[in-house]
Amino acid sequence: MSVAQNPETKLMEKIRSLPPDKITVLEDFIDFLLTRSEDRLLVYAATKLSEAAFAKIWDNPEDAEYDELEFW
């Protein structure tokens, strides 16, 4: 292994050295990571899309008075 090897090459060498059953586990883990990232992006997109609708509901004088209350 050369000293200046890039991280992708190092990772591929490590993957190639795994037994088949461990490669299956690794693939499942990678799928999990990808799904988790996609889920976060979906939640973020849904939140951004709903901001305008919620602003209409929450931006009113009654809520402004509630926001000014001190609870502590």
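Modeller: A nonpolar patch joins nonpolar side chains within 5 Å, from residues with over 30% relative accessible area and no salt bridge. Keep that in mind for this predicted model.

Colleague: Which residues form a nonpolar patch on the surface?

Modeller: Take F32 as one member of the patch. F32 is found in helix 2. At 43% relative accessibility, F32 counts as partly exposed. Together the patch has about 450 Å² of accessible area, and its residues are F29, I30, F32, L33 and L34.

Colleague: Which residues gather in a patch of negative charge on the surface?

Modeller: Start with E68, placed in helix 3 (residues 61–68). E68 has a relative accessible area of 63% and is exposed. The surface patch of negative charge gathers E62, E65, D67 and E68.

Colleague: How far apart are the mean positions of the positive and negative charges of the chain?

Modeller: The chain has 8 positive and 16 negative charges.

Colleague: Which residue forms a salt bridge with E51?

Modeller: Side chains of opposite charge can pair when their charged atoms come close. The structure holds one salt bridge. Its closest N and O atoms are 3.4 Å apart, and the cut-off is 4 Å. The partner of E51 is K48.

Colleague: Why are E51 and K48 separated by about one helical turn?

Modeller: Both residues sit in helix 2 (residues 20–58). They are separated by about one helical turn because they are three residues apart.

Colleague: Is E51 buried, partly exposed or exposed? And K48?

Modeller: Buried means under 20% relative accessible area, and exposed means over 50%. E51 has 40% relative accessibility, and K48 has 41%. So E51 counts as partly exposed, and K48 also counts as partly exposed.

Colleague: What pattern does the chain follow along the sequence?

Modeller: Count the elements. There are three helices and zero strands in the chain. Read along the sequence, the pattern is α-α-α.

Colleague: What is the radius of gyration of the chain?

Modeller: Look at the C-alpha trace first. Along its principal axes the trace spans about 65 × 25 × 25 Å. A compact globule of 72 residues would have a radius of gyration near 11 Å. The chain has 24 Å.

Colleague: What percentage of the residues of the chain count as buried?

Modeller: The chain exposes about 7,000 Å², with carbon and sulfur atoms supplying 63% of that area. A buried residue has under 20% relative accessible area. Of the 72 residues, the buried share is 1%.

Notes. Residues are numbered from 1 along each chain as its sequence is written. This is a predicted model: local features need pLDDT of at least 70, side-chain atom pairs count only at pLDDT 80 or more; totals for chains, interfaces and linings use all residues. Side-chain values use heavy atoms; hydrogens and water are left out. A salt bridge is a side-chain nitrogen of Lys or Arg within 4 Å of a carboxyl oxygen of Asp or Glu. Helices (H or I, at least four residues) and strands (E, at least two) are DSSP runs, numbered from the N terminus. Buried means under 20% relative accessible area, exposed over 50%, partly exposed in between (1.4 Å probe, protein chains only). Patches are made of residues with over 30% relative accessible area and no salt bridge: like charges are joined within 9 Å, nonpolar side chains (Val, Leu, Ile, Met, Phe, Trp, Tyr) within 5 Å. Accessible areas come from the Shrake-Rupley method with a 1.4 Å probe; for residues, only the protein chains shown count as cover. Lys and Arg count as positive and Asp and Glu as negative; His and the chain ends are not counted. The place of a charge is taken as NZ of Lys, CZ of Arg, CG of Asp or CD of Glu. The radius of gyration is taken over C-alpha atoms; the globule rule is 2.2 Å times the number of residues to the power 0.38.
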